[in-house]
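Subject: Structure handover

Dear colleague,

I am passing this structure on to you.

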Amino acid sequence: MNVNVLRALLAAASLLGLLADDARACSCPRSGPPCQATWSADVVFLGTVRSIEEVPHETLGSRYTELLVSFDVDRGIVNATTGRLDVVTGRGGGSCGYAFKAGRRYLVYAWKGPGGGLSTGICSRTRPVEDAEEDLRYLASIAAESSGARVYGRVTESRREAYEREEIDFGPVEGLIVNVTGAAFSRDAVTDRNGRYEITGIPTGNVTVLVLAPPEYDPQYLKREIKLKDPRACSLNDFQLRQTATVTGLVLDAAGRPAVGVSIDAVAAELAAHRPPAYHYPARTDRHGRFEFDTLPPGSYVFGVHLTSDAGRGPSGVPVFLPGTGNDREAAVFDLKPGERRDLGVLRLPAAVNP
């Protein structure tokens with residue numbers, strides 16, 4: 001994972017205390033396997049919790065509380081020595097804080113904040129030592145030197161029908177090229193029958209990982225920027241391919257002027273008469289009356305306004321189907337192929353319809 005993302009989340013949650021008293025669940029990227037977490041953290045150590053102290057703060061008129069956890073470090077692994085060491089974490093909930101217990105021994109992965117203090121949370125691989133067997137096994141195997149870092153992962157495909165909300169796992173994708181590029185090198189690997197790839201001997205520094213997929217797949221999440229801080233590090237990067245299609249269109253009001261800020265629905269053609277839930281996020285027209293759906297799953301669709309039902313509230317208005325009819329049987333049906341880009345034409349809104 002991108003260490004800068006994790007660092008920012010921990011800093012925001014633990015150091016700034018954002019949402020520290022919020023009951024909502026924490027949501028954040030995980031730290032990856034031990035060979036990744038060890039070299040993305042600023043400090044790694046084994047230690048026993050000596051004390052836990054609540055520290056109240058106030059920022060921009062909002063009060064929050066974080067926890068200052070003091071450790072007796074008995075083994076410094078990365079940038080740590082034996083002795084006392086303080087680490088900050090949130091109180092839990094939306095702050096992603098870790099629930100340390102006094103007197104218990106932990107393997108801690110921590111990051112430096114803007115002021116130099118250390119923080120950690122449940123997004124890291126921090127855990128009680130009795131649950132850290134995999135981590136300790138890796139840490140015991142670390143060589144003094146290495147010929148280079150390792151980037152590896154798995155490429156799979158998921159698909160979603162136009163009339164469904166959930167995706168279906170189609171399994172691994174074989175034969176795709178995964179490219180890893182740095183400042184002075186470019187290396188390729190090809191996914192095997194299980195969708196797995198691996199590139200070793202990679203120099204440290206900023207690296208780009210890119211899946212070279214056919215054009216029918218959405219490229220939005222097939223590129224990652226990572227940083228390899230140590231030649232003994234690894235970076236796990238799994239990718240999921242999704243087939244998509246892109247459509248654009250124009251909405252005019254009854255006077256023939258561009259309709260601005262209109263919410264456009266995309267609905268599976270077979271559900272056109274049923275006012276289904278919004279399985280696809282609506283698109284909104286810009287100041288020129290134009291709209292775009294850029295990640296629709298392939299399938300047959302109708303487009304228009306007020307074609308879906310809000311959960312618990314039912315239909316929101318009189319439906320109008322492209323090109324400008326209230327009758328679902330007269331709606332234009334578009335059969336979208338993977339990777340297709342299509343202009344849908346003009347949706348004309350009747351005067352009686354308030355978009």
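Predicted model: local features only at pLDDT ≥ 70, side-chain atom pairs only at ≥ 80, totals over all residues.

Residues are numbered from 1 along each chain as its sequence is written, and side-chain values use heavy atoms, with hydrogens and water left out.

Pocket and cavities

Rolling a probe the size of a water molecule over the atoms shows where empty space is left. The search ran on a 1 Å grid over the protein atoms alone: a cavity is a set of points where a 1.4 Å probe fits but cannot get out, and a pocket is an open set with protein on both sides within 12 Å along at least five of seven lines. Lining residues have an atom within 4 Å of a point. Points are joined across faces, edges and corners, and a volume is the space filled by probe spheres set on the points.

The largest pocket has a volume of about 710 Å³. Its lining has 29 residues, and R160, E167, T295, L296 and P297 lie nearest the centre. Strands (DSSP runs of E, at least two residues, numbered from the N terminus) contribute to this lining: β7 (149-159), β8 (168-172), β15 (239-242) and β19 (290-296) each supply at least two residues. The largest share, five residues, comes from β19. By class, the lining of the largest pocket has 13 nonpolar, seven polar and nine charged residues. Here Ala, Val, Leu, Ile, Met, Phe, Trp, Tyr, Cys and Pro count as nonpolar, Asp, Glu, Lys and Arg as charged, and the others, Gly among them, as polar.

There are also two cavities of 30 Å³ or more. The second largest cavity has a volume of about 30 Å³, and the residues lining it are A162, A266, V267, A268, L271, P276, P277, Y279 and H280. Eight of these are nonpolar, one is polar and none is charged.

Buried and exposed valines

Buried means under 20% relative accessible area, exposed over 50%, and partly exposed in between (1.4 Å probe, protein chains only). V155 is in strand β7 and counts as buried because its relative accessibility is 0%. V155 and L176 are 21 residues apart in sequence and 8.3 Å apart in space, C-alpha to C-alpha. V190, in strand β10 (residues 186-190), has 52% relative accessibility and so counts as exposed.

Salt bridges

The structure holds 18 salt bridges, each a side-chain nitrogen of Lys or Arg within 4 Å of a carboxyl oxygen of Asp or Glu. One of them joins R91 to E54, with the closest N and O atoms 3.8 Å apart. This pair links distant parts of the chain, 37 residues apart: R91 is in the loop between β3 (83-89) and β4 (105-112), and E54 is in strand β1 (residues 43-59). R91 is partly exposed, at 43% relative accessibility.

D86 pairs with R84 at 3.4 Å between the closest N and O atoms. D86 is partly exposed at 31%, while R84 is exposed at 53%.

D135 forms a salt bridge with R127, the closest N and O atoms being 4.0 Å apart. D135 is buried, at 1% relative accessibility, and R127 is partly exposed at 23%. A network of salt bridges links R125, R127, E134 and D135.

Regards

Key: Helix = DSSP H or I, 4+ residues; strand = E, 2+ residues; numbered from the N terminus.
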